[in-house]
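Subject: Structure for your review

Hello,

Here is the structure I promised to pass on. My notes follow below it.

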Amino acid sequence: MASNKIFNSGPVALTTTLTTNILNPAAASGGVGGGSSGQYIVLRHIRIVNKTGSAATFSLWRGATGGNVAGTEVVGQAKSVAANDSYDWFGIMRFDTADFLVGGANTTAALTIQMEGEVGVA
């Protein structure tokens, strides 16, 4: 029987800083002799909502903290979301403690991000 727990993250407004850390699992810390492990996240759904009357774009990368280097793009690279509309991504993407979902938008506070998935212990 799986011991993963369902999680919902956000909604959080995306900013124009394309190196913003959006998602990262917790690392193990503290404890004595407990054999603590870090957590992992299995991301299953991302929803980007445009609350404005104009189209806006977003970009997301998977990699190191604050990193958005070429070759690490995962969902939307300047992906346009129409005015008063939304974009949904469905899949399975595992994030360990060294993995970050990083990104932003072309305009501040037009787009919000909300995510769903599972959290487990590595």
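Setting aside neighbours within four places in sequence, Ile46 contacts Leu60, Val75, Tyr87, Asp88, Trp89, Leu101, Ile113, Gln114 and Met115. Please keep in mind that this is a predicted model.

Ile46 also stands out in the largest nonpolar core, which has 22 residues: together with Leu43 and Leu101, Ile46 touches the most other members. At least two residues of this core come from each of β2 (20-23), β3 (39-50), β4, β5 (73-81), β6, β7 and β8 (111-121). Strand β3 gives the largest share, with four residues.

**Pairing of β3**

Strand β3 pairs with β8 in the antiparallel sense, over 11 bridges. One of the residues involved is Asn50, whose bridge partner in β8 is Leu111. Strand β3 is also joined to β6, again antiparallel, by eight bridges. Here Val49 has Ser86 of β6 as its bridge partner.

**Rings**

How many aromatic pairs does the count come to? The count comes to one. The pair is formed by Phe58 and Tyr87, with ring centres 5.6 Å apart and planes at 45°. An angle under 30 degrees would count as stacked and one over 60 as edge-to-face, so at 45° this pair is tilted. Phe58 is in strand β4 (residues 56-63) and Tyr87 is in strand β6, so the pair links parts of the chain that are distant, 29 residues apart.

Are the two partners buried or partly exposed? Phe58 is buried, at a relative accessible area of 1%, whereas Tyr87 counts as partly exposed, at 22% relative accessibility. The limit for buried is under 20%, which is why Tyr87 with its 22% is put in the partly exposed class.

Two arginines sit over rings. The charged end of Arg94 is over the ring of Tyr40, at 3.9 Å from the ring centre. Arg62 lies over the face of Phe95, and the distance to that ring centre is 4.9 Å.

**Thr97**

Where is Thr97? Thr97 is in the loop between β6 (86-95) and β7 (100-105). This residue counts as partly exposed, with 33% relative accessibility. Apart from neighbours within four places in sequence, the contacts of Thr97 are Asn24, Pro25, Ala26, Ala27, Gly38 and Gln39. Between Thr97 and Ile41 the C-alpha to C-alpha distance is 8.7 Å, while in sequence the two are 56 residues apart.

Regards

Note on methods: Residues are numbered from 1 along each chain as its sequence is written. This is a predicted model: local features need pLDDT of at least 70, side-chain atom pairs count only at pLDDT 80 or more; totals for chains, interfaces and linings use all residues. Side-chain values use heavy atoms; hydrogens and water are left out. Buried means under 20% relative accessible area, exposed over 50%, partly exposed in between (1.4 Å probe, protein chains only). Contact means heavy atoms within 4.5 Å. Rings of Phe, Tyr and Trp (its six-membered ring) pair if their centres lie within 6.5 Å; planes under 30 degrees apart count as stacked, over 60 as edge-to-face and the rest as tilted. A charge sits over a ring if NZ of Lys or CZ of Arg is within 6 Å of the ring centre and within 35 degrees of the ring normal. A nonpolar core is a set of buried Ala, Val, Leu, Ile, Met, Phe, Trp, Tyr and Cys residues joined through side-chain atoms within 4.5 Å. Two strands pair if DSSP finds at least two bridges between them.
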